[in-house]
Amino acid sequence: MANILNCLIIGSGPAGYTAAIYAARANMSPVLYTGEQPGGQLMITTDVENYPGYPDGIMGPEMMDHFQKQAERFGTVIHRELITKVDFSGDVHKAWTESGTLIEAHTIIIATGASAKWLGLESEVRLTNFGVSACAVCDGFFFRGKEVAVVGAGDTAAEEATYLAKLCPKVHLLVRRDEMRASKIMQERVKSMENIIVHWNTSTEEILGAEEVEAVRVVNNISGEKSVIPVQGFFVAIGHKPNTDIFTDWLDMDETGYIITKPDSTKTKVAGVFASGDAQDKIYRQAVTAAGTGCMAALDAERYLVEKGII
Ligand code: NDP
């Protein structure tokens, strides 16, 4: 039994690191695999103003650095590797890393988060990194002084548009309906920037350009009228997809891939496997709620290990 971990945590956003802090302090000797983007989505954001405890806000990467240090302080072992396969058929759960290493664990806490969604256009794929991006904070700098478009109408789109408006002379915000889903405060910020032009009822037909983005062809969803807006950058900000593909064969999920957990717990349908954060929560999707469910998963895992007499 010596090589079987008490607790394997998959993912390194607020949910994964909070689970690690709690699991480590409960003597569960957690081992955490970070995945492709250590630190998760907050690594590609700027100011986090709504995480309690930071009255002046904090930069996303700095906050995740704090999370990681706190998890390590209590003995969490962290591997910068991706888990690519799991097998939940036995009492002991199995997972494999990208390089093929097998890990066995009594409990697994899933905290794999979510990734940006794309429109699904051929031109979007072809021009990714040649003017098409899903992260203004990462790539905005390259578009200083250039005209850009942002597609989306949620908080992410509003945030990206206001961020870009500080760098770019004109930002075209492409909203497919006649209203935005973004919170009031974010919508106010959009309105307050004179160089953000909101195109209501507007969908993207194609991103134009042979080698790099030169323009975007849009269609008005009411009149059917098409037009071309010259832009050099095109930012996609239309929401996220949970990173749960490797669990499809083993766990219950909703139609969009969010893992279904039992009411008032992080338990999945497999005993000893718990799900937290954006992989499981399609409603709140905040850093603080992810951290909360990470804590819950560690407590649920601890109870499971105690009941089984493993710790
Ligand atoms: P959301 O799911 O909230 O919004 C996605 C937006 O993209 C919707 O407005 C949707 O339009 C639009 N959209 C979806 N598909 C298409 C398409 N094919 N073409 C055009 N538009 C499309 O995702 P977000 O990433 O914005 O936000 C996710 C969560 O993170 C939210 O809970 C949000 O509050 C939170 N968040 C908070 C921030 C903060 O507080 N600082 C910053 C960023 C995110 P429609 O409305 O018509 O469905």
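Trainee: Which residues are buried in helix 5?
Mentor: This is a predicted model, so that applies to everything that follows. In helix 5, the buried residues are Ala157, Ala158, Glu160, Ala161, Thr162, Leu164 and Ala165.

Trainee: Now the ligand. Which element gives the most to the shell around the ligand?
Mentor: Helix 5 (residues 155-165) again, with three residues.

Trainee: Which residues come nearest to the ligand?
Mentor: There are 18 residues around the ligand, and Asp155, Thr156, Arg176, Arg177 and Arg181 come nearest.

Trainee: How far is the side chain of Thr156 from an oxygen atom of the ligand?
Mentor: An N or O atom of the Thr156 side chain is 2.5 Å from a ligand oxygen. For Asp155, a polar side-chain atom lies 2.6 Å from an oxygen atom of the ligand. The side chain of Arg176 has an N or O atom 3.0 Å from a ligand oxygen.

Trainee: How much of the ligand does the protein bury?
Mentor: The protein buries 78% of the 910 Å² that the ligand exposes when taken alone.

Trainee: Is Cys295 buried or exposed?
Mentor: Cys295 is buried, with a relative accessible area of 15%. Cys7 counts as buried too, at 0% relative accessibility.

Trainee: How many residues of helix 1 are buried?
Mentor: Ten of the twelve, so helix 1 is largely enclosed by the rest of the structure. Among them are Pro14, Tyr17, Thr18 and Ile21.

Trainee: What covers the buried residues of helix 1?
Mentor: The cover includes strand 1 (4-10), strand 2 (31-33), strand 5 (77-79) and strand 8 (102-110), along with helix 2 (60-73) and helix 7 (287-307).

Trainee: Which residue just after helix 1 takes a positive phi?
Mentor: Asn27, with a phi of about 60 degrees.

Trainee: On to loops. Where is Met43 found?
Mentor: Met43 is in the loop between strand 2 and strand 3 (47-48). At 33% relative accessibility, Met43 counts as partly exposed.

Trainee: What is Met43 in contact with, leaving aside its neighbours within four places in sequence?
Mentor: Pro38, Pro61 and Met64. Met59 is 16 residues from Met43 in sequence, and their C-alpha atoms are 8.7 Å apart.

Trainee: Last one: is Thr268 buried or exposed?
Mentor: Thr268 counts as buried, at 2% relative accessibility. Thr268 sits in the loop between strand 18 (240-242) and strand 19 (273-275). Beyond its neighbours within four places in sequence, Thr268 has contacts including Leu251, Ile259, Lys262 and Phe274.

Terms used. Residues are numbered from 1 along each chain as its sequence is written. This is a predicted model: local features need pLDDT of at least 70, side-chain atom pairs count only at pLDDT 80 or more; totals for chains, interfaces and linings use all residues. Side-chain values use heavy atoms; hydrogens and water are left out. Buried means under 20% relative accessible area, exposed over 50%, partly exposed in between (1.4 Å probe, protein chains only). Helices (H or I, at least four residues) and strands (E, at least two) are DSSP runs, numbered from the N terminus. Contact means heavy atoms within 4.5 Å. A residue is near a molecule or strand if one of its heavy atoms lies within 4 Å of it. A polar contact is a pair of N or O atoms within 3.5 Å; within protein, one must be able to donate a hydrogen and the other to accept it, and residues adjacent in sequence count only if both atoms are side-chain atoms. Accessible areas come from the Shrake-Rupley method with a 1.4 Å probe; for residues, only the protein chains shown count as cover.
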